[in-house]
Amino acid sequence: MVTVGAMEAISLSMLATVNPGDEVIVPDPCFPNYIGQIMIAGAKPVSVPVYEENDFNIRAEDIEKAITPKTRAILLNSPSNPLGSVMSREEIVKIAELVEKHDLIVYSDEVYDRIIFDGMEYFSMAQILEVRDRVLIINSFSKSYAMTGWRVGYVVGDKKIISNMPKLQEGIVSCVPTFTQKAAIEAISGTQETVKQMVKDYARRRDIVIDGLNNIPGITCKKSPGSFYAFPNIKSFGKSSQEFAEELVREAGVVAVPGSAFGNMGEGYLRIVFANSDENLKEAIRRIAEHVKKKY
Ligand SMILES: Cc1ncc(COP(=O)(O)O)c(C=O)c1O
């Protein structure tokens, strides 16, 4: 089903599958909109911590600890915003076993599935036949085709679930504007060379930003295997991520999002977007380095 961006795809997926009082498991840190979307559907978000030591990947054993009789669904997001991590096939298989055992639904937010580096494999839980009917794949034209403002996304899944979604969409937006749907058809049916080139550019920009951050004393940053986000650890400065981000914007003129905006586990980190020009990114790193040198 075609939706107004991935945002509507996620909201409709939740509205079509949860009842008030149900619990939905989300990673912490995660894209904050999920929390509001779960609450709009009348359900309760339950956060599962994601650790830097595990390369910022959610683990099946942590998910299992959060499952209760009220759990209805798990939201997975790989590659992750804000973490830049990509889930391994092995971990996804383990989570799929839990999904089957506890009779759950999975919202698999795959909007960055093509923005993946270093020949890393992209694996979706929907590739596992045993749980395929339980997985709702969420995707979008916003990231792979840089069409954020066009507002076209989609959800793919079992017909029994999807068939309820047009009834919900009708009362909210009626439909996705036809001219932006046509633009999306152009995007997917055209040559994919531009997407490949864009991914190459993101890989180079990732290196500029992450290698640059790792050269700044006091900052450490994992190399993101996917998405266009870096999630540097700034704990050594002894400031909250909100304070440090405000300081950067006021004193160095660099915008970064405090990690705490994405959940409690994000405290002590920043989220930096590297979807920008090489020149701007180099200048941002230079300014952060200068700021740190002056102040710490
Ligand atoms: C993980 C994730 N999901 C969904 C979205 C929203 O995408 P769309 O523009 O298609 O609504 C974003 C946008 O930032 C995102 O990072």
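This report describes the domains, nonpolar cores, ligand site and selected residues of a predicted model.

## Basis of the model

The structure is a predicted model in which local features need pLDDT of at least 70 and side-chain atom pairs count only at pLDDT 80 or more, while totals for chains, interfaces and linings use all residues. Residues are numbered from 1 along each chain as its sequence is written, and side-chain values use heavy atoms, with hydrogens and water left out.

## Domains and nonpolar cores

The chain is divided into domain 1 (2-189) and domain 2 (193-295), with bounds that come from an automatic or database domain assignment. The C-alpha centres of the two domains lie 25 Å apart. Their contact (heavy atoms within 4.5 Å) takes 29 residues from domain 1 and 26 residues from domain 2.

The largest nonpolar core has 65 residues, and those with the most contacts inside it are Tyr107, Val209, Leu213 and Ile288. A nonpolar core is a set of buried Ala, Val, Leu, Ile, Met, Phe, Trp, Tyr and Cys residues joined through side-chain atoms within 4.5 Å; buried means under 20% relative accessible area, exposed over 50%, and partly exposed in between (1.4 Å probe, protein chains only). Helix 8 (residues 193-214) gives the most to this core, with eight residues. Helices (H or I, at least four residues) and strands (E, at least two) are DSSP runs, numbered from the N terminus. At least three residues of the core come from each of domain 1 and domain 2. Leu213 touches Ile219, Cys221, Ala230, Pro232, Ile272, Ile285 and Ile288, not counting residues up to four places away in sequence. A second, separate core of 31 residues includes Ile67, Leu76, Val106 and Val135. In soluble globular proteins, nonpolar side chains tend to be buried together.

## Ligand site

The ligand is surrounded by 14 residues, of which the closest are Ala6, Asp109, Tyr112, Ser140 and Ser142; a residue is counted here if one of its heavy atoms lies within 4 Å of the molecule. Helix 1 (residues 5-17) supplies the largest share of this shell, three residues.

A polar contact is a pair of N or O atoms within 3.5 Å; within protein, one must be able to donate a hydrogen and the other to accept it, and residues adjacent in sequence count only if both atoms are side-chain atoms. A polar side-chain atom of Asp109 lies 2.6 Å from a nitrogen atom of the ligand. Taken alone the ligand exposes 400 Å², and the protein buries 93% of that; accessible areas come from the Shrake-Rupley method with a 1.4 Å probe, and for residues only the protein chains shown count as cover.

Asn77 is placed in strand 4 (residues 71-77) and counts as buried at 10% relative accessibility. The side chain of Asn77 reaches the backbone oxygen of Asp109 at 3.1 Å, and a polar atom of that side chain lies 3.0 Å from the backbone nitrogen of Asn81.

Asp62, found in helix 3 (residues 60-66), is buried with a relative accessible area of 6%. A polar contact of 3.3 Å joins the side chains of Asp62 and Lys65. Beyond four places in sequence, Asp62 touches Val48, Pro49 and Tyr51.

## Backbone features

Most residues other than glycine have a negative phi, and most peptide bonds are trans. A cis peptide bond joins Asp28 and Pro29, with omega about 10°. Pro29 lies in the loop between strand 2 (23-28) and helix 2 (33-40) and is buried at 3% relative accessibility. Pro29 and Phe262 are 233 residues apart in sequence and 4.7 Å apart in space, C-alpha to C-alpha. A cis bond also joins Ser78 and Pro79, with omega about -15°; Pro79 is in the loop between strand 4 and helix 4 (89-101).

Phi of Asp55 is near 55°, a positive value in a residue other than glycine, and Asp55 is partly exposed at 45% relative accessibility. Arg151, with phi near 60°, lies in the loop between strand 6 (135-140) and strand 7 (153-156) and counts as partly exposed at 30%.
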